[in-house]
Amino acid sequence: MGDYHMELRYRNIMNLYNRVWFDEAHQAIFAKKTAFWQDLGIRPFPYTIFFASGLAVKKYATRKNAFLGKYNTEEKPEMILNGTMKNIPFCSGEDGIAVFEHLITLKPGQMKEFTIVMGQLEGLPTVGGMINKYRDVAQAKRELEHTQQIWKKRILDNIVVKTP
């Protein structure tokens, strides 16, 4: 969150400004900085970062160290390996993470499509509408197609190669 280079240089200090929480009403994880450094001063952080899914959330975690375990990495998170996933609704001043556990039962040969919605917007009130919009698989597919067409026009349709 915030300025990438500042986050790398002053990691321990910048983490102190982090807040990550699970929002029951939106069934989503939100993250925000209470402030961030810019132009040699502390400024308000205007953005809300969000992570949501089109599936019902069974469990969730927001604290990275608690999810991973003391000596584990993202490759082998302790809560997954041990089957001890538990709800961790709030993270403040340390490394945050956004993790959901979903329960899906599939019959042989059955498929299930769902969306993962993540992004960053200015202000918390605008986030709920964006999450709800893209939880719908059909809407997400339409938007993906629209975005692909935009980039096709911007890039592929503008490339012209002339040879003798």
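Buried means under 20% relative accessible area, exposed over 50%, partly exposed in between (1.4 Å probe, protein chains only). This is a predicted model: local features need pLDDT of at least 70, side-chain atom pairs count only at pLDDT 80 or more, and totals for chains, interfaces and linings use all residues. Residues are numbered from 1 along each chain as its sequence is written, and side-chain values use heavy atoms, without hydrogens and water.

**Exercise 1.** Find which residues of helix 5 are buried, and what covers them.

*Solution.*
Step 1. Locate helix 5 at residues 127–135. Helices (H or I, at least four residues) and strands (E, at least two) are DSSP runs, numbered from the N terminus.
Step 2. Apply the cut-off. Val127, Gly128, Ile131 and Tyr134 are buried.
Step 3. Look down the axis of helix 5. Its buried residues fall within an arc of 145°, so they line one face of the helix. The arc is that of the directions from the helix axis to the C-beta atoms.
Step 4. List the cover. It includes strand 2, strand 5, strand 9 and helix 6 (137–154).

**Exercise 2.** Describe how helix 5 meets helix 6.

*Solution.*
Step 1. Take the axes, which are lines fitted to C-alpha atoms, for helices over the stretch in contact; angles run from 0 to 180 degrees between N-to-C directions. The two axes come within 5 Å and cross at roughly 95°.
Step 2. Classify the angle. Helix 5 and helix 6 are therefore roughly perpendicular (65 to 115 degrees).
Step 3. Name the contacts (heavy atoms within 4.5 Å). Lys133, Tyr134 and Arg135 of helix 5 meet Val137, Gln139, Ala140 and Glu143 of helix 6.

Terms used: Angles under 35 degrees count as roughly parallel, over 145 as roughly antiparallel, 65 to 115 as roughly perpendicular and the rest as oblique.
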